[in-house]
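Here are my notes on this one, written as a colleague's read-through. Have the coordinates open as you go.

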Amino acid sequence: MTLLLSWPKQQIMIGDESMSKREEHLRKPDWLKIKLNTNENYTGLKKMMRENNLHTVCEEAKCPNIHECWAVRRTATFMILGDVCTRACRFCAVKTGLPTELDWEEPERVADSVQLMNLKHVVVTAVARDDLKDGGAAVFAETVRAIRRKNPFTSIEVLPSDMGGVYENLKMLMDARPDILNHNIETVRSLTPRVRARATYDRTLEFLRRAKEMQPDIPTKSSIMVGLGETKEEIIETMDDLRANNVDIMAIGQYLQPSKKHLKVKKYYHPDEFAELKEIAMSKGFSHCEAGPLVRSSYHADEQVNAATKAKQEMGEKEIQQQQA
């Protein structure tokens, strides 16, 4: 199937005032309307998180899918290492500042909550902890091990920061053998300095490449937001860069402005445009691509890891058949 869509080139506005007026009048389209659901699953999960003094990126980052994931799918993305990030990325709603000391009991509480929820797949992310020499890798690794001990049949996905780009920090996490390593590239190369704080485009690619080199059998994954002013060509370039570093899974979602102090939305992509981007990504060789207006990094993560595992099995079977031929 080939989709022929209109991808207008970026308009050049004369003066900052014209640009700001255009951005002020950019309204959310109908396809971004969210259905609220606060059933017993939602309220029960919220209560359990507070009782166990746990944080979720679902709440902290104001994820638009929280009602679907909590109320319908009963899944959540745990956010460890506190709720204060040392970075101030201009797209992110997580609060920034000077974090508190480490909570070494947190891994066990996360593992207990995964057990109570009877999760088949869990996503664990964290705030950036540039104040720590290991970037939080030790607590991250212990969380993986704790979940594994108490939930041996639960698959574990980790979504860390770049942990300073230090090889030993990443190795500490990969030695704990999560089932999937997720690290977001967030945006295209040209917009990275404006969108992300401290993180760099090339460091992200290196982080993903090294993770695959350390544990070749563990799928890697990365996500990008669109609507910040990137071009179609830049999105495709990012796909190529991820594949060149052996990334298996990609997620593409619409950037939504969390507050007035954050970057403004330059464009709302139509669902058909996301469908085309998914088709392009799959043609590049990704084992799975989740693309849509409300898609986020951990959206339907269980389905993504299953797709990656299936693709790896099919590839292995194909290689065996070729050897036998």
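This is a predicted model: local features need pLDDT of at least 70, side-chain atom pairs count only at pLDDT 80 or more; totals for chains, interfaces and linings use all residues.

1. Arginine 177 counts as partly exposed because its relative accessibility is 35%, and a residue needs to be under 20% to be called buried. You'll find arginine 177 in the loop between H7 and S5. What makes it worth a look is the backbone: arginine 177 has a positive phi of about 55° although it is not a glycine. Most residues other than glycine have a negative phi.

2. Methionine 163 sits in the loop between strand S4 (155-159) and H7. Is methionine 163 buried or exposed? It counts as buried, because its relative accessibility is 3%. A further case comes just after H10, where asparagine 246 takes a positive phi of about 65°.

3. Now for the overall picture. The protein chain has 12 helices and 8 strands. Of its 325 residues, 51% count as buried. If you take contacts between residues at least 6 apart in sequence, 76% of them join residues at least 24 apart.

4. On to helix packing, starting with H7 and H9. The axes of H7 (residues 167-174) and H9 come within 10 Å and cross at roughly 50°. That makes H7 oblique to H9. The crossing is right-handed. On the H7 side, the residues involved are Tyr167, Leu170, Lys171 and Met174, and they meet Phe207, Arg210, Ala211 and Met214 in H9.

5. H5 and H6 (residues 137-150) are the other helix pair I'd look at. Their axes are 8 Å apart and the packing angle is about 35°. The crossing of H5 and H6 is also right-handed. From H5, the contacting residues include Glu106, Pro107, Val110, Ala111 and Val114. Among their counterparts in H6 are Val139, Glu142, Thr143, Ala146 and Ile147.

6. Then there is H10 (residues 232-244). With 13 residues, H10 reaches 18 Å from its first C-alpha to its last, close to the 18 Å expected at 1.5 Å a residue.

7. The loop between S5 and H8 deserves a stop. Histidine 183 is placed there, and it is buried, with a relative accessible area of 3%. Leaving aside neighbours within four places in sequence, histidine 183 has contacts that include Leu159, Pro160, Ser161, Asp162, Arg196, Thr204, Phe207 and Lys221.

8. Threonine 187 is buried, with a relative accessible area of 0%. Beyond its neighbours within four places in sequence, threonine 187 is in contact with Thr192, Val195, Tyr201, Ile224 and Leu228.

9. Last, the annotated cysteines. An unreviewed UniProt entry lists Cys85, Cys89 and Cys92 under "binding site". Cysteine 85 lies in the loop between strand S2 (77-80) and helix H5 (106-117), and cysteine 92 is found in the loop between S2 and H5 as well.

10. Not counting residues up to four places away in sequence, cysteine 85 touches Val94, Lys95, Thr96, Gly97, Val127 and Ala128. With neighbours within four places left aside, cysteine 92 is in contact with Pro258 and His262.

How values were computed
Residues are numbered from 1 along each chain as its sequence is written. Side-chain values use heavy atoms; hydrogens and water are left out. Helices (H or I, at least four residues) and strands (E, at least two) are DSSP runs, numbered from the N terminus. The expected span of a helix is 1.5 Å times one less than its number of residues. UniProt positions are given in the numbering used here, feature names are shortened, and annotations may be inferred rather than shown by experiment. Contact means heavy atoms within 4.5 Å. Axes are lines fitted to C-alpha atoms, for helices over the stretch in contact, and angles run from 0 to 180 degrees between N-to-C directions. Angles under 35 degrees count as roughly parallel, over 145 as roughly antiparallel, 65 to 115 as roughly perpendicular and the rest as oblique. A crossing is left-handed if the near helix is turned anticlockwise from the far one by less than a right angle, and right-handed if clockwise. Buried means under 20% relative accessible area, exposed over 50%, partly exposed in between (1.4 Å probe, protein chains only).
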